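Please open the model in your viewer and keep a selection panel at hand. The stops below move from strand pairing to the charged side chains.

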Amino acid sequence: MNREALLLAYLDAQAALVVFEFDKQERLSYANRHAREVLGIDPVGKKSVEIFIDFSGTFSLAKAVGEQAAAQLLNITSASGLPQTYYFSFFEHHDGILAIGQIDAHELDLLRKELVDTNNELNNLTRELHKKSSELAKLNDLKNHFLGMAAHDLRNPLAVIMGYSELMAMDARNFKRPDYIHLLNDIRYLSEFMLSMINDLLDISVIEAGKLALKLGHHDFSGLLQKTVQINQVFAEKEGIRLLLDDRLPPGDLPYDTPRIKQVLNNLISNALKFSGEGSQVVVRASHNQGQLQVDIIDQGPGIASSDLPKLFHPFPEINMTSTSEERRTGLGLAISKKIISAHNGKIWVESEPGKGSTFSFLLPGFKPREEL
């Protein structure tokens, strides 16, 4: 083996060195093992401009050979997609040019030190984040406790106010005082709204505290659905809306918490009625498929903008919607409904388009027709 072959064998074995050999046309004719590993490809045949990243736009191999004494700091493309920086020296070799690059040891030490410092800083930030997260969890528990306590203490006085306003309204009718009746009805309406909000706050505080305990039992679902629709018929008739039940379920059982699922049904049906106009209809449909029970509440209301759909199931969503009956909303009903359905291992969603109404749906698992029991 001649001297030149020995040199090339030595350069090929040096893991820290990048070695390129270019021909007269500045095409790569040879690259050592480490160079190929850095590039991630077989670079033979590529032009020098495809190997070196020239940010200045002034680099040329011919000029580099003429400056042999000065190592040049250059970047090359790499398999990672990030540029790799080396100090390159260029030499004439046969009828071509030999380029040998090495990483600057001092720069490498600086990079290692920066990496260690960054890692230490990241560890400190992680510890601080865990500390803040623990503090936030405690504050959230305190908030839920306060909400629950405040809502519970406010509920009883409001119930008394509602009862007194109803009695006073009856007396006002006897004395034929329509002005008083109007004021007392307003008191009762606002008290009902406040009581509804307080009940929702109690529910959301219990749910967020992770204390939502379901009392599951295997029940007939059609009976619950029929009773819930029947209760909401009073409001539907008052608003001139047709409320229809489309029950496609065979006799069967489903594991669910009756009061909680009744709460979800009432919320979705009452919402559909609130946002439907006189002369329209709301359909409550129940069906099943492969052990899953599905309920759809289909209205002919104004629909919901696509940008607002992701916000609907969050507490107090900022959505520009007004019910046709101009009833006030707590902004918690859908968030509570989602939590209840999720606790049943189910799914709730909405499909809507402005001007074409909305369909709120939920799935509950575990439905078994009687003939399969």
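Select E8 (residues 242-247) and E10 (residues 281-289): these two strands pair in the parallel sense over six bridges. Strands, marked E, are DSSP runs of at least two residues, and helices, marked H or I, are DSSP runs of at least four, numbered from the N terminus; two strands pair if DSSP finds at least two bridges between them. Within this pair, display leucine 245, which stands opposite valine 284 in E10.

The model is predicted, so local features need pLDDT of at least 70 and side-chain atom pairs count only at pLDDT 80 or more, while totals for chains, interfaces and linings use all residues. Residues are numbered from 1 along each chain as its sequence is written, and side-chain values use heavy atoms, with hydrogens and water left out.

Five strands form an open sheet with mixed pairing, in the order E8-E10-E11-E13-E12. At its edges are E8 and strand E12 (347-352), each of which pairs on one side only. From one strand to the next, the twist averages 15°.

Which arginines does aspartate 246 meet in salt bridges? One is arginine 248, at 2.9 Å from N to O; another is arginine 285, with the closest N and O atoms 3.1 Å apart. A salt bridge is a side-chain nitrogen of Lys or Arg within 4 Å of a carboxyl oxygen of Asp or Glu. Aspartate 246 lies in E8 and arginine 285 in E10, so their pair ties together parts that are 39 residues apart in sequence. Aspartate 246 is partly exposed at 22% relative accessibility, and arginine 285 is partly exposed at 25%. Buried means under 20% relative accessible area, exposed over 50%, and partly exposed in between (1.4 Å probe, protein chains only).

Finally, select aspartate 308 and lysine 311, which form a salt bridge with the closest N and O atoms 3.4 Å apart. Is aspartate 308 buried or exposed? At 12% relative accessibility, aspartate 308 counts as buried, whereas lysine 311 is partly exposed at 33%. The structure holds six salt bridges.

Notes
Axes are lines fitted to C-alpha atoms, for helices over the stretch in contact, and angles run from 0 to 180 degrees between N-to-C directions.
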